[in-house]
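Hi,

Here is the structure I said I would pass on.

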Amino acid sequence: MSTDIPSTHPDANWWRQAAVYQIYPRSFSDANGDGMGDLPGVTARMGYLSELGIDAIWLSPFYPSALADGGYDVDDYRNVDPRLGSLDDFDAMVAAAHAAGIRVIVDVVPNHSSNRHEWFKAALTSAPGSPERARYQFFDGLGADGELPPSDWPSHFGGGAWTRVVEQAGPNAGSLGQWYLHLFATEQPDFNWDHPEVREDFHTTLRFWADRGVDGFRVDVAHGLAKDMSLPLRSKPELEILVDDGTDPLFDRDDVHEIFAGWRTVLNEYDPPKAAVAEAWVPFTERRLKYARPTELGQAFNFDLLQAPFDAAEFRSIAEKCLDEAAASGASSTWVFSNHDVIRHPSRYALPDGSTLADLEAWLLADGATPVPDLPRGLRRARAATLFMLGLPGSAYLYQGEELGLFEVADLPAASLQDPTWFRTLHKVKGRDGCRVPLPWSSGAANFGFGGTPWLPQPAWFGEHAADVQDGVAGSTLEMYRSALDWRRKLQSAESLEWLSEPGASVVRYRRPNGWEVLTNFAAVPAALPADVDPAKVVLSSGASADGTVGPETTLWLAP
Ligand code: GLC
């Protein structure tokens, strides 16, 4: 398997099988004690990250922002939020990461800016039809006086996707006027990607961070940039893609690929070329792999494993599918179980099998009380799933705190919630704060060593998961991640695998080309160790196994 990127640089393919650790900066480590994590906090923890054994960090947005959507509402794409540090702090962090052999990926948010971006402010003070408005999606409303939104599109976070403005210029100054599109919160106006200045400005942003030494980019809502805004706007009362064939007015349109081909040209100005990964929540079809072509971003997230139950057949067929997809695109596959948008996987796996997304939301709304989660089981499965995944060819994206075995904080007090979902659904959907609670570093320290009083309260049980409690403790989740990432480097192999188990088996077993084997027992009861497995070759286990068996919901790694 090869890539067509125009580089013979020895590091050109570093991303293909990287372990990437996602940092949600506000919640990672707070160096200045203001209760919000910051970039100096990341720099201060570089030793921890290096000891963990990851290859790269991906930082969620740290740009100036009113935090209407946790920083995914960007005021200025080429600066650092003063609460999180300065550009000098950014440079110091990159230098520290590189000195530790850790690469740096930053988040780009191209679908929308914040409503405090200078372009949007100019759009609001300019008249309908002005060049300032043309960089966003301003439309006249429907109805006799334009009092109805231009279409029936909903926002991802609840409510409608259009907000009406009071005109500040032009003949109707002082009156209600046009509407602007925001597929997310009101504070996140969508850009018009047909506008050449929008395209050019994002090239400038990519170069700005690339020149500062970042190694790659994670591209937010990559499938949403190209939209069919021709009139009359088409009806789409549900945002989920029903038929993903390029005819949707908002998502995964063919034109989007031209934009990313342009990005690739910019990313290839560097040697080694900068890496990029698309966040594109599109279903599994050959359409998804287009984002990951070497002529585009290079990689695309797939959220298939993240959305799957802990089940042998599902895990195996998803792995097969995604590896085929990656091979067909020239990319390497990505794997992810948790991120800042979803319920942490040890909690998901602790809920009854068959729970749907609606069930998970209902559980959160019940403060995690009903149904009662089986936490030991959830963590046991999460550990087994993680070792299953870390053995697969491709890149593993890990979310801060999963190495501590953190569960979702499902009972955050309502008064502390900040996710726009909570407000825009009028408190019907709780949202994503429960996976964003600041990390516990030291069990005995104030705020568990995070820094100042955290912007989301930490529950008392976080102390049991603190990094210092697990450090050096055999069998702790932190030590399992450290050993796994260490073995993963030592055992890493060519990008393929061979299945050694039958498709329907509850013990799934695969072998990498160099002989590294991974074996997961998905059943809740122990399984016999296959006769050809030499127990002396077991170098890692996600849980305890009695002699001659693989424990329930347990993964083993066998060295060649
Ligand atoms: C992506 C981000 C999410 C954000 C949304 C809007 O899905 O991961 O956190 O709310 O885009 O930018």
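The lining of the second largest pocket has seven nonpolar, three polar and four charged residues. For those classes, Ala, Val, Leu, Ile, Met, Phe, Trp, Tyr, Cys and Pro count as nonpolar, Asp, Glu, Lys and Arg as charged, and the others, Gly among them, as polar. That makes a lining of 14 residues, with Pro373, Leu375, Phe407, Glu408 and Trp461 nearest the centre of the pocket. The space in this pocket comes to about 240 Å³.

Before you read on: this is a predicted model, where local features need pLDDT of at least 70 and side-chain atom pairs count only at pLDDT 80 or more, while totals for chains, interfaces and linings use all residues. Residues are numbered from 1 along each chain as its sequence is written, and side-chain values use heavy atoms, with hydrogens and water left out.

As for how the spaces are found, a 1 Å grid is laid over the protein atoms alone; a pocket is an open set of points with protein on both sides within 12 Å along at least five of seven lines, a cavity is a set where a 1.4 Å probe fits but cannot get out, and lining residues have an atom within 4 Å of a point. Grid points are joined across faces, edges and corners, and a volume is the space filled by probe spheres set on the points.

There are nine cavities of 30 Å³ or more. The largest cavity has a volume of about 80 Å³. Around it are 13 lining residues, and Ala292, Ala300, Glu325, Ala326 and Ser332 are the ones nearest its centre. By class, this lining splits into six nonpolar, five polar and two charged residues. Helix H8 (residues 312–329) gives the largest share of it, three residues; helices (H or I, at least four residues) and strands (E, at least two) are DSSP runs, numbered from the N terminus.

Now the ligand. It has 14 residues around it, and Asp69, Asp220, Glu279, His340 and Asp341 come nearest (a residue counts if one of its heavy atoms lies within 4 Å). This shell divides into four nonpolar, three polar and seven charged residues. Which side chains make polar contacts (pairs of N or O atoms within 3.5 Å) with the ligand? Among them, Asp341 has a polar side-chain atom 2.5 Å from a ligand oxygen, the side chain of Asp220 has an N or O atom 2.7 Å from one, and for His340 that distance is 2.8 Å. Taken alone the ligand exposes 310 Å², and the protein buries 96% of that (Shrake-Rupley areas, 1.4 Å probe).

On charge pairs, the count is 41 salt bridges, each being a side-chain nitrogen of Lys or Arg within 4 Å of a carboxyl oxygen of Asp or Glu. One of them joins Asp107 and Arg218, whose closest N and O atoms are 2.9 Å apart. Asp107 is in strand S3 (residues 103–108) and Arg218 in strand S7 (residues 216–219), so this pair ties together parts 111 residues apart in sequence.

Most residues other than glycine have a negative phi, and most peptide bonds are trans. The bond joining Asp271 and Pro272 is cis, with omega about 5 degrees, and Pro272 sits in the loop between helix H6 (256–267) and strand S8 (275–278). Thr370 to Pro371 is also cis, with omega near -10 degrees.

Methods: Polar contact = N/O pair within 3.5 Å; in protein donor to acceptor, adjacent residues only side chain to side chain.
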